[in-house]
Amino acid sequence: MSPSEKLRELGLALPSVSTPAGAYIPARRSGNLVFTAGQVPFVDGKLPKTGKIGGDVSAEDGYDLARTCALNALAAVDALVGLDSVTGIVKVVGFVASSPEFGGQPKVINGASDLLGEVFGEAGAHARSAVGVAELPMNSPVEVELIVEVG
Amino acid sequence: MSPSEKLRELGLALPSVSTPAGAYIPARRSGNLVFTAGQVPFVDGKLPKTGKIGGDVSAEDGYDLARTCALNALAAVDALVGLDSVTGIVKVVGFVASSPEFGGQPKVINGASDLLGEVFGEAGAHARSAVGVAELPMNSPVEVELIVEVG
Amino acid sequence: MSPSEKLRELGLALPSVSTPAGAYIPARRSGNLVFTAGQVPFVDGKLPKTGKIGGDVSAEDGYDLARTCALNALAAVDALVGLDSVTGIVKVVGFVASSPEFGGQPKVINGASDLLGEVFGEAGAHARSAVGVAELPMNSPVEVELIVEVG
């Protein structure tokens with residue numbers, strides 16, 4: 001089953017690509033790699049939640065927001081090269097706006113990793129860094145960037 | 001017009017490459033990609049400003065500092081492979097030392113992105129992540145790293 | 001001398017690869033590059049120290065912890081492709097959980113860079129970013145990720 005068929009089976013649709021919040025583009029290819037911009041969890045151009053995870057925003061909500069970030073990143077990849085040309089997910093970096101003493105960044109970014117596993121199966125297995133940052137653009141609780149491989 | 005001609009037209013000169021603040025090198029090539037070290041906005045080996053953006057340092061000053069970071073990164077690329085061998089900018093990551101509640105990281109890192117657009121035109125269009133971090137080396141307000149493509 | 005011989009000469013052994021703290025894998029190859037996951041300084045599955053560098057944890061201890069992170073990253077590379085297939089270290093990103101006003105991230109991440117220099121010699125010379133973040137997974141003081149080149 002192709003990634004786009006799998007997305008449909010999961011009941012998911014790729015959103016339209018968000019307008020970048022600055023002077024950059026949503027995704028850039030070089031050779032067989034596509035690098036996405038850092039994606040915040042926009043839904044229809046708005047952040048469903050803002051604030052720090054472990055504080056205003058629960059880790060469970062953070063998981064869902066990270067899933068949305070990953071979906072937005074896939075939309076950026078799809079617009080550039082077509083989702084079904086992706087042969088694997090190489091790297092995920094997840095930035096979690098964290099309240100003091102919150103150390104559960106991995107559980108939050110699992111929202112992104114789990115989605116990638118559901119859509120790409122074994123080809124979705126990726127290296128990953130998850131870190132807790134002080135602030136994110138527009139007070140977003142989470143931001144996720146991908147490096148993917150294309151055929 | 002080549003990137004180095006364009007730089008001259010903009011009235012800019014590449015600075016000398018800063019001595020790394022640790023046991024690393026300013027830029028490293030692998031295949032067609034060059035990865036730069038994270039660059040702080042040194043001018044003649046000194047930081048023009050220190051502190052957090054949104055606090056001690058304004059977002060407008062941050063924009064100028066990010067522009068300087070990008071220029072320093074291009075100097076590192078130039079010293080390694082020659083600026084005019086660059087065929088495109090692939091990825092920018094911008095770290096902004098942010099005061100609490102400052103969410104304007106994209107506007108700050110636009111200082112880097114805009115410079116890259118001015119020098120490289122369409123080939124300068126890149127994916128980008130901008131995040132707000134707690135602290136940067138030597139209390140720098142901003143740090144920028146690049147991945148560029150060479151022919 | 002091969003990297004694995006050099007490790008032995010240094011009296012070091014690669015640890016077993018830590019189980020990822022989330023839905024990802026320790027390292028992923030794409031073409032001639034291997035991207036590692038962000039590595040915390042686990043020793044036998046436990047963090048020797050937790051807390052912020054510049055506060056609970058000294059910069060000197062941070063240096064040692066960053067060295068352990070790099071060793072763990074090399075273990076992840078070894079398990080995937082074999083350490084002696086590494087032809088160079090391309091990029092290091094070091095995240096330092098920093099107490100307010102701590103600006104010595106480069107000295108901390110030198111623990112990783114110095115180890116890579118000892119093991120790989122000139123081929124270990126890499127580009128690097130070091131940043132200070134608010135929080136890291138499990139209250140780790142440091143996290144390091146690598147991009148390495150394989151033959």
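Two residues count as in contact here if their C-beta atoms, placed from the backbone, lie within 7 Å. Keep that in mind while looking at this predicted model.

**The sheet in chain A**

Let's start with the strands. Chain A has an open sheet built from five strands, in the order S1-S2-S5-S3-S4, and the pairing is mixed. Strand S1 (27-30) and strand S4 (127-133) of chain A sit at the edges with a single partner strand each, so one side of each has no neighbour in the sheet. From one strand to the next, the twist averages 15°.

What holds such a sheet together? Strands of a sheet pair through backbone hydrogen bonds, either parallel or antiparallel. For one pair in chain A, strand S3 (residues 86-97) and strand S5 (residues 142-150) run antiparallel and are joined by nine bridges. To find one of the partners, look at A:Gly88, whose bridge partner in S5(A) is A:Glu149.

**Helices across the sheet**

| Helix of chain A | Lies across (chain A) | Angle |
|---|---|---|
| H2 (residues 59-81) | S1, strand S2 (33-36), S3 and S5 | about 40° to S5(A) |
| H3 (residues 105-120) | S3, S4 and S5 | about 160° to S3(A) |

Next, zoom out to the chains. Two copies of a chain are related by a rotation about an axis and a shift along it.

Do the copies meet through the same surfaces or different ones? Only 9% of the interface residues of chain A are also interface residues in chain B, so the surfaces are different.

The contact uses 23 residues from chain A and 27 residues from chain B. On the side of chain A that touches chain B, the elements giving two or more residues are S1, S2 and S5 of chain A. S1(A) gives the largest share of that side, three residues. By type, the residues of that side of chain A split into 13 nonpolar, six polar and four charged.

Finally, look inside. The largest nonpolar core has 154 residues, and those with the most contacts inside it are A:Val133, B:Val133 and C:Val133. Helix H2 (residues 59-81) of chain C supplies the largest share of this core, eleven residues.

Which residues does A:Val133 touch? Leaving out residues up to four places away in sequence, its contacts include A:Phe95 and A:Val96, as well as B:Val131, B:Val133, C:Val133 and C:Ala134.

Conventions. Residues are numbered from 1 along each chain as its sequence is written. Chains are lettered from A and ligands numbered from 1 in the order in which they are written. This is a predicted model: local features need pLDDT of at least 70, side-chain atom pairs count only at pLDDT 80 or more; totals for chains, interfaces and linings use all residues. Two strands pair if DSSP finds at least two bridges between them. Helices (H or I, at least four residues) and strands (E, at least two) are DSSP runs, numbered from the N terminus. Axes are lines fitted to C-alpha atoms, for helices over the stretch in contact, and angles run from 0 to 180 degrees between N-to-C directions. Ala, Val, Leu, Ile, Met, Phe, Trp, Tyr, Cys and Pro count as nonpolar, Asp, Glu, Lys and Arg as charged, and the others, Gly among them, as polar. A nonpolar core is a set of buried Ala, Val, Leu, Ile, Met, Phe, Trp, Tyr and Cys residues joined through C-beta atoms within 7 Å. A residue is buried if 20 or more other C-beta atoms lie within 10 Å of its own, exposed if 12 or fewer, and partly exposed in between; C-beta atoms are placed from the backbone.
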